[in-house]
Amino acid sequence: MTKQNMAVSDACSGLNMVVTMAAVSNSTVFTQKPPSAPGGCVSVSVSRKKFLKDPDINGTQWINSWVESMRASSPTHIKSTPLSPTEEDHSSWMVHRPSALEMFDQIMDASRGKQIVMFLDYDGTLSPIVDDPDRAFMSDKMRATVKKLARCFPTAIVSGRCRDKVYSLVKLAELYYAGSHGMDIKGPEEGTKYKKGGRAGILFQPASEYLPMIDEVYKELVEETKTIPGAKVENNRFCASVHFRCVDEKRWSDVAQRVKSVLKQYPKLRLSQGRKVFEIRPEIKWDKGKALEFLLESLGFANCTDAFPVYIGDDRTDEDAFKILRDRGQGSGILVSKFPKDTNASYSLQEPSEVMDFLQLLINWKRPSYMGRRRMQ
């Protein structure tokens, strides 16, 4: 994980929430205190932590720090990528983060005798990164591949987008969906053949009390950024996103300043960053890594060694899930990136087309003919 990512992900003051269970539309609703992460919170640099907790300490330094982080969030920004994307550096990086396609048989050997559980990010993983997030469509071929995958393994989409939005893009009812970085989780209404316990759907929203605040912040961010060409604010229900992918780099400091001016009025919200996007989220200990743990538990694989989670993602926010897998010594994290980046993932793929190739290999691996060929080798 890059230093920037470690810094902006700092937010360790959780909320105490009672455990309640109620039936809603044939689903089980959970509201509980999120499980603590292994080893506690991520350490951060004191200077960046101060900027996040009290940005008024030094406004200029705070903005400059964020602009540098904004540059680093672009994988094509040569000066700011964690590793210089030279051929030599890329080859060295690939030694430590080899292609999941080339290492497929090794990954499958590690999963032998275990239940594979698939976790997939959406943007940059199932769909290409595009200037307009509303036009980040997955191909029909990718959709068909994910549909086949879900017949073979329990499969979840884990996205920073609003759950309803990502569902409208994927359009597959048989999947689990974790929207808003895992703060809005819903399972298939029909249930799943993989689930132990037989409950129908699940619905988990650990930050539901923040909904009015997020709506309010969203409106303020729209108002504050409306004069910046290319800036786009997205309401992802449990978080608000400020996209600056189409903003002239000379105006990035302006974007950071305006986001800061809004956020300082809301001490119960925190700021994090993805690929050319600011994320404003409730300050609770919940992220994609916690969503992964919750879904494994919901499927009956809590603290089990007979599950093999495979998480594929391209964003900084996916690092929380990669770290969970690494800390547990379980499954495989796969980073989607054409450029060398510091990561907790074990393997890499370069782009969504390679993700589709990997998923197709998984589908083929499940077939008896593939297993027969492996035994003959």
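Q: Let's start with Cys 239. Buried or exposed?
A: Cys 239 is buried, with a relative accessible area of 0%. Keep in mind that this is a predicted model.

Q: Which cysteine sulfur is closest to the sulfur of Cys 239?
A: That of Cys 162, at 8.7 Å. The two are too far apart for a bond, because a disulfide needs sulfur atoms within 2.5 Å.

Q: How many bridges join S9 to S11?
A: Four bridges join them. S9 covers residues 240-243 and S11 covers residues 277-282, and the two run antiparallel.

Q: What is the bridge partner of Ala 240 in S11?
A: Ile 280.

Q: Where does Arg 237 lie?
A: In the loop between S8 and S9. Arg 237 is partly exposed, with a relative accessible area of 30%.

Q: What is its phi near?
A: Phi of Arg 237 is near 70°, a positive value in a residue other than glycine. Most residues other than glycine have a negative phi.

Q: Is Ser 180 buried or exposed?
A: Buried, at a relative accessible area of 0%.

Q: On to aromatics. How many aromatic pairs does the count come to?
A: Nine aromatic pairs. One of them is Phe 204 with Phe 294, which is stacked. That pair is 4.2 Å centre to centre, with 15° between the planes.

Q: Which parts does that pair of Phe 204 and Phe 294 tie together?
A: Phe 204 lies in strand S7 (residues 201-204) and Phe 294 in helix H10 (residues 288-298). So the pair ties together parts that are 90 residues apart in sequence. Both Phe 204 and Phe 294 are buried.

Q: Why is the pair of Tyr 311 and Phe 322 edge-to-face?
A: Because the planes of the rings stand at 85°, and over 60 degrees counts as edge-to-face. The ring centres are 5.6 Å apart.

Q: Where do Tyr 311 and Phe 322 sit?
A: Tyr 311 is in strand S12 (residues 307-313), and Phe 322 is in helix H11 (residues 319-328). They are eleven residues apart. Tyr 311 is buried at 0% relative accessible area, and Phe 322 is buried at 1%.

Q: Which residues do ring pairs link into a cluster?
A: Phe 119, Tyr 311 and Phe 322.

Q: Switching to Leu 172. Where is it found?
A: In the loop between helix H7 (163-170) and strand S5 (176-179). Leu 172 counts as buried, because its relative accessibility is 4%.

Q: What is Leu 172 in contact with, leaving aside its neighbours within four places in sequence?
A: Arg 143, Val 146, Lys 147, Tyr 167 and Tyr 177.

Q: Last one, helix H12. What should it span?
A: The 15 residues of H12 (residues 352-366) should span 21 Å at 1.5 Å a residue. The end C-alpha atoms are 21 Å apart, which agrees.

Q: Which residues in H12 are buried?
A: Among them are Pro 352, Val 355, Phe 358, Leu 362 and Trp 365.

How values were computed. Residues are numbered from 1 along each chain as its sequence is written. This is a predicted model: local features need pLDDT of at least 70, side-chain atom pairs count only at pLDDT 80 or more; totals for chains, interfaces and linings use all residues. Side-chain values use heavy atoms; hydrogens and water are left out. Two strands pair if DSSP finds at least two bridges between them. The expected span of a helix is 1.5 Å times one less than its number of residues. Buried means under 20% relative accessible area, exposed over 50%, partly exposed in between (1.4 Å probe, protein chains only). Contact means heavy atoms within 4.5 Å. Rings of Phe, Tyr and Trp (its six-membered ring) pair if their centres lie within 6.5 Å; planes under 30 degrees apart count as stacked, over 60 as edge-to-face and the rest as tilted.
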